Amino acid sequence: MKDINSVTVIGAGLMGSGIVQVAAQANCKVTMVDTSDAALGNGEKLISTSLKRVARKKFDGDEQQQKAFIDKVLANITLSKSAEQAVSEADLVVEAIVENIDVKRTLFTNLDKVAPEHSIFCSNTSSLPISDIAAATSAARQEKFAGLHFFNPVPAMKLVEIVRTNAVSDDVFQSLQDFTTKVGKTPVSCKDTPGFIVNRLLVPYMFEAFRVLDRKEASIKDIDTAMKLGAGMPMGPFELADFVGLDTMKFIVDGWAKEGKIEPALVQPSKSLDDLVSEGHLGRKSGKGFYDYK
Ligand code: CAA
Ligand code: NAD
């Protein structure tokens with residue numbers, strides 16, 4: 001199987017921009033795709049802020065080396081508003097767009113027609129079944145279609161889950177393991193099950209915290225403090241939910257509840273979360289969630 005050197009990332013948001021950055025840092029040629037100049041600009045801004053942070057740490061006190069590092073990484077990145085054009089030479093396509101199965105399936109059906117035969121397709125979905133997304137492509141592509149699940153913030157989190165459906169070939173799985181290692185992450189693999197490993201455990205825990213709040217048993221601040229100081233979590237469940245995005249949290253659990261594969265008690269909705277989402281308070285990205293960021 002060909003080494004992965006040319007990567008196309010669809011979606012320039014929180015996750016897509018991070019995946020672009022780590023692939024470019026690993027010297028891959030990367031095309032970042034989104035639907036508007038504003039979204040691409042947002043992705044560029046996220047990358048530039050994070051790269052400055054990485055460069056400062058790598059070359060402490062040496063501004064010239066910091067600049068050379070940043071320039072080299074940015075030179076590996078191209079921007080595009082056409083996913084179809086951007087995949088024409090891709091060894092790997094990683095999708096990180098909105099968590100909506102119909103939108104993801106439409107995208108992959110279109111890309112399957114124009115991408116090279118050898119291109120591996122991956123979704124960074126948090127919660128949707130990979131095989132349901134892959135089914136929108138040809139049988140030949142389904143052997144080359146896996147989940148490649150990065151964690152937020154991508155430049156800092158060291159794990160990638162490789163989600164392997166029954167159709168994925170050994171060669172493709174090996175290529176994805178090699179790519180994950182090349183971008184500086186540790187791979188783990190998992191069957192195509194709801195939430196894979198991390199979210200299957202993390203999301204029910206976070207929702208129980210929301211329901212503790214719904215039942216008025218403890219405050220947001222006290223729950224977060226308790227989990228940080230008493231359980232060694234880097235962020236409390238409410239800080240983390242605001243960081244991930246409250247819309248994403250809601251999408252995940254509503255989807256699982258509808259799918260019916262998970263114990264119903266674990267996917268009970270939370271009124272506090274639902275109210276915030278319906279008011280457009282989506283966490284850090286909108287300036288307000290469980291906490292206020294303005
Ligand atoms: N870009 C580059 N580097 C970054 C970064 C960014 N955006 N954010 C953090 N870092 C680096 C820092 O440079 C620092 O590196 P060193 O330890 O090598 O010095 C390290 O990460 C820690 O950062 P800080 O010291 O500045 O801040 P912190 O200690 O408060 O850590 C954090 C920040 C890494 C985000 C930490 O709070 C954390 O781990 N939070 C939990 C995050 C988490 O659980 N993510 C998973 C969410 S679930 C998910 O992603 C799956 C899904 O499908 C929803
Ligand atoms: P986001 O809202 O920050 O970014 C999504 C981007 O996709 C936006 O810039 C949007 O303009 C773009 N987009 C939407 N439809 C598109 C299309 N058809 N073509 C091209 N671009 C399109 O979302 P995010 O938080 O980066 O999440 C992206 C994916 O990653 C989702 O599937 C999510 O479940 C998953 N994920 C999220 C997190 C997290 O913590 N937020 C962690 C792991 C995985």
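Let's start with Val-267, which touches Val-253, Trp-256, Ala-257 and Ile-262 once residues up to four places away in sequence are left out. Contact here means that two C-beta atoms, placed from the backbone, lie within 7 Å. Val-267 sits in the loop between α12 (246-259) and α13. Helices are DSSP runs of H or I with at least four residues, strands are runs of E with at least two, and both are numbered from the N terminus. Val-267 is buried, because 21 other C-beta atoms lie within 10 Å. The cut-offs are these: 20 or more other C-beta atoms within 10 Å of a residue's own make it buried, 12 or fewer make it exposed, and anything in between is partly exposed, with C-beta atoms placed from the backbone. Val-267 and Gly-255 are 12 residues apart in sequence, and their C-alpha atoms are 9.3 Å apart in space.

A quick word on what you're looking at. This is a predicted model, where local features need pLDDT of at least 70, side-chain atom pairs count only at pLDDT 80 or more, and totals for chains, interfaces and linings use all residues. Residues are numbered from 1 along each chain as its sequence is written, while chains are lettered from A and ligands numbered from 1 in the order in which they are written.

Now the overall layout. The protein chain splits into domain 1 (6-191) and domain 2 (200-286), with bounds from an automatic or database domain assignment. Their centres, taken over C-alpha atoms, are 26 Å apart. Five residues of domain 1 are in contact with seven residues of domain 2. The domain 1 side of that contact has one nonpolar, three polar and one charged residue. For these classes, Ala, Val, Leu, Ile, Met, Phe, Trp, Tyr, Cys and Pro are nonpolar, Asp, Glu, Lys and Arg are charged, and the others, Gly among them, are polar.

UniProt, in an unreviewed entry, lists residues 195-293 as "domain: 3-hydroxyacyl-CoA dehydrogenase C-terminal". Positions from that record are in the numbering used here, feature names are shortened, and annotations may be inferred rather than shown by experiment. In the model, this span is 60% helix and 0% strand, and its end C-alpha atoms lie 28 Å apart.

On to the ligands. Where does ligand 2 lie relative to the two domains? Ligand 2 lies between them, because both domain 1 and domain 2 give residues to its shell. There are 25 residues around ligand 2, and Gly-11, Gly-13, Met-15, Ser-126 and Asn-152 come nearest; to be near, a residue needs its C-beta atom, placed from the backbone, within 6 Å. By class, that shell has 13 nonpolar, 10 polar and two charged residues. Helix α1 gives the most to the shell, with three residues.

The unreviewed UniProt entry also has a "binding site" annotation, which includes Gly-11, Gly-13, Met-15, Ser-126, Asn-152 and Lys-285. Take Met-15, found in helix α1 (residues 14-25). Met-15 counts as buried because it has 26 C-beta neighbours inside 10 Å. Beyond four places in sequence, Met-15 is in contact with Ala-96, Asn-124, Phe-150, Asn-152 and Val-154. Lys-285 is in the segment after α13 (271-278), and it is partly exposed, with 18 other C-beta atoms within 10 Å.

Ligand 1 has 17 residues around it, and the closest are Ser-50, Ser-126, Pro-155, Ala-156 and Pro-234. Ligand 1 also lies between domain 1 and domain 2, because both give residues to its shell. Helix α2 (37-58) provides the largest share of that shell, four residues. The shell divides into 10 nonpolar, five polar and two charged residues.

Next, strand β1 (residues 6-10). Five of its five residues are buried, so β1 is largely enclosed by the rest of the structure. Ser-6, Thr-8 and Ile-10 point one way, and Val-7 and Val-9 point the other way. In a regular strand the side chains alternate between the two faces of the sheet. Five bridges join β1 to strand β2 (residues 29-33), and the two run parallel; strands pair if DSSP finds at least two bridges between them.

Last, some backbone details. Most residues other than glycine have a negative phi, and most peptide bonds are trans. Asn-152 and Pro-153 are joined by a cis peptide bond, with omega about 0 degrees. Asn-27 has a positive phi, near 75 degrees, and Lys-216 has one near 60 degrees. Asn-27 is partly exposed, with 13 other C-beta atoms within 10 Å, whereas Lys-216 counts as exposed, with 7 C-beta neighbours inside 10 Å.
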